Amino acid sequence: MNLRGLDMKRKNIITISIFLLLSSVFVKADEPVLEWGDGFPVEIYACDYREGSSPERDTKAFVKDWGEWAQQNGFSKYFAALMYQLSSDGQYPSEFQWIGYWDSYASGGADMQARLENGEEMFKKASKFLDNCNHAEFGAWSPRPIEGDWVTRRHISEWQNCKYLEGKDDADLLKANAKYAAYLNSIGDETAIVQLWPRAGGPVFNEMTGQISTPWDFKWIQAYPSLKEYSAFTHKMWNEGLGAKYLEIYGDIMSCDSSRVYDERVVYTPSK
């Protein structure tokens, strides 16, 4: 269990695709006092395909069986997508990636328990074509809500691992998030942003040094309806001054690695 999240201030709900939950991000008083609202749970499975398996055929069959099983077991608040890598620095070579999330910890806990008690059949089916699986859990908060329901369909996500610079922490990020969201609003940009903190299966806390041994603190995710919006955002970053504004706001708070871009193909929503 990663205890880092226990001393973090509560953060506000949204659901990603990653992603979906319509909610406002920051709560302000008369003075610009900011708070993190409630977070929501996210899980990721990263696996390799077994030698001799048929990745496309086996994945398609598993998704169909899993969807039927999930409906039978009351997964009414769960969203899931398969993540296909489009761009990467080569550091994350997993062949099969599944992201799932809930609207709250109450619904997440109920489904997790149902999976524990009744999921043996699905785990056996997965093990027939998947190997070397890692399951990680995260707490998610969003500085910017998603506009529209496109997140329930195939879309694009961009991921980075970020680390606080010396002396910086969640309080600094909270203030920067508010400034950045306000700026994006002012230029009419609707890019959704989600930030994930590891709960289990993520960075390891070293009790001897009191430090997190994995070289990142949280994941920064941006979601787009398609590569058209992804490309338009890149144009703003490089050609219209958005990149300079980003560095002005976040440059002395955190450092992030190279982006990974994914084609997220939604395979399960509460209506499917």
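Is Cys162 buried or exposed, and what is its relative accessible area? Cys162 is buried, with a relative accessible area of 0%; buried stands for under 20% relative accessible area, exposed for over 50%, and partly exposed for values in between (1.4 Å probe, protein chains only).

The model shown in these views is predicted: local features need pLDDT of at least 70, side-chain atom pairs count only at pLDDT 80 or more, and totals for chains, interfaces and linings use all residues. Residues are numbered from 1 along each chain as its sequence is written, and side-chain values use heavy atoms, with hydrogens and water left out.

**View 1. The disulfide of Cys162 and Cys256.** The sulfur atoms of Cys162 and Cys256 are 2.0 Å apart and form a disulfide, defined as a pair of cysteine sulfur atoms within 2.5 Å. Cys162 belongs to strand E5 (residues 155-164) and Cys256 to strand E10 (residues 254-256), so the link joins distant parts of the chain, 94 residues apart. Strands (E, at least two residues) and helices (H or I, at least four) are DSSP runs, numbered from the N terminus. The torsion about the S-S bond is about 105 degrees, so the disulfide of Cys162 and Cys256 is right-handed. Cys256 counts as partly exposed, at 24% relative accessibility.

**View 2. The disulfide of Cys47 and Cys133.** A disulfide joins Cys47 and Cys133, with 2.1 Å between their sulfur atoms. Because Cys47 lies in strand E1 (residues 40-49) and Cys133 in strand E4 (residues 130-144), the pair ties together parts that are 86 residues apart in sequence. The link of Cys47 and Cys133 is right-handed, with 115 degrees about the S-S bond. Cys47 is buried at 1% relative accessibility, whereas Cys133 is partly exposed at 45%. A search of the whole structure finds two disulfides, and their pattern is 1-2, 3-4, with bonded cysteines counted along the chain.

**View 3. Helix H4 and its ends.** H4 (residues 170-186) has 17 residues and reaches 24 Å from its first C-alpha to its last, close to the 24 Å expected at 1.5 Å a residue; the expected span is 1.5 Å times one less than the number of residues. At the N-terminal end, Asp169 caps H4 through a side-chain oxygen that lies 3.1 Å from the backbone nitrogen of Ala171. After H4 comes Gly188, with a positive phi near 75 degrees.

**View 4. Buried residues of H4.** Among the buried residues of H4 are Asp170, Leu173, Leu174, Asn177, Tyr180, Ala181 and Leu184. An α-helix has 3.6 residues a turn, so residues three or four places apart point the same way.

Methods: A polar contact is a pair of N or O atoms within 3.5 Å; within protein, one must be able to donate a hydrogen and the other to accept it, and residues adjacent in sequence count only if both atoms are side-chain atoms.
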